[in-house]
Amino acid sequence: MILLRAPDALVHVVGLNPVYATTAPPPTDAAQQIVVDTARLRDACILLAAHRPYREFPATWIIRQLERSGFEVITPWKSYGVIWKHATIKRQLDVARRKLPHFADQSVAAAMRGQIDALDASAKKLLGATGVTYGADYVISARLPSASGE
């Protein structure tokens, strides 16, 4: 992360709280569990392809890093529930599918393809176009205080 050091600089950080981190609330139903299972399966495929998974950072970590860098977090910061529809899950599963040719063991890739397809079918049945709200996006605004201390 590159932060400007100009006094009174305003920074807006937009992110997604990780859906299967220890800071995430546990799923309360099958629809929410599909969201968690999808994220885990996608990341497993990325790792088995010897690629690097994308990482989300919890809002608490972002706030801590901004404050360590001398920024004052403007409160209250905003949090928005994420709606996961089948189409959203399908995009995540498509990331997993694109990793299968890169697996060292194609029998593992074939087994994983079966898991992806089963999860996709479950997501279509449970989520459809309506979806489920689980996890949160956030917008955190912070300002670098002026040198005069105003």
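In this predicted model, 3 strands make up an open sheet, lined up in the order E1-E3-E2 with antiparallel pairing. Going from one strand to the next, the twist averages 20°.

**Around the sheet**

- E2 pairs with strand E3 (residues 132-143) in the antiparallel sense, and 9 bridges join the two.
- If you want one spot to look for, find Lys-78, which stands opposite Val-139 in E3.
- Helix H2 (residues 59-68) packs on the sheet and touches E1, E2 and E3, with its direction at about 5° to that of E3.
- As background, strands of a sheet pair through backbone hydrogen bonds, and they can do it parallel or antiparallel.

**Two buried residues**

- Gln-32 belongs to helix H1 (residues 30-48), and its relative accessibility is 11%, so it counts as buried.
- A polar atom of the Gln-32 side chain lies 3.4 Å from the backbone oxygen of Thr-133.
- Leaving out residues up to four places away in sequence, Gln-32 touches Pro-26, Pro-27, Val-132, Thr-133 and Tyr-134.
- Phe-71 sits in the loop between H2 and E2, and with a relative accessible area of 3% it is buried too.
- Phe-71 and Thr-88 are 17 residues apart along the chain, and their C-alpha atoms are separated by 34 Å.

**Salt bridges**

- How many salt bridges does a search of the whole structure find? It turns up 6.
- Lys-90 and Asp-94 meet through their side chains in a salt bridge (3.5 Å, N to O). These two are 4 residues apart in helix H3 (residues 86-99), so about one helical turn separates them.
- Asp-94 also forms a salt bridge with Arg-97, with the closest N and O atoms 2.9 Å apart. Here the spacing in helix H3 is 3 residues, again about one turn of the helix.
- Arg-97 has another salt bridge, with the side chain of Asp-120 (3.0 Å, N to O). That pair links distant parts of the chain, since Arg-97 is in helix H3 and Asp-120 is in helix H4 (residues 106-126), 23 residues apart.
- Buried or partly exposed? Lys-90 is partly exposed at 34%, Asp-94 is partly exposed at 23% and Arg-97 is partly exposed at 22%, whereas Asp-120 is buried at 12%.
- Put together, Lys-90, Asp-94, Arg-97, Asp-117 and Asp-120 are linked in a network of salt bridges.

How values were computed
Residues numbered from 1 in each chain as written. Predicted model: local features only at pLDDT ≥ 70, side-chain atom pairs only at ≥ 80, totals over all residues. Heavy atoms only, no water. Pairing = 2+ DSSP bridges. Axes fitted to C-alpha atoms, helices over the stretch in contact; angles between N-to-C directions. Contact = heavy atoms within 4.5 Å. Buried < 20%, exposed > 50% of the residue type's maximum accessible area, 1.4 Å probe, protein only. Polar contact = N/O pair within 3.5 Å; in protein donor to acceptor, adjacent residues only side chain to side chain. Salt bridge = Lys/Arg side-chain N within 4 Å of Asp/Glu carboxyl O.
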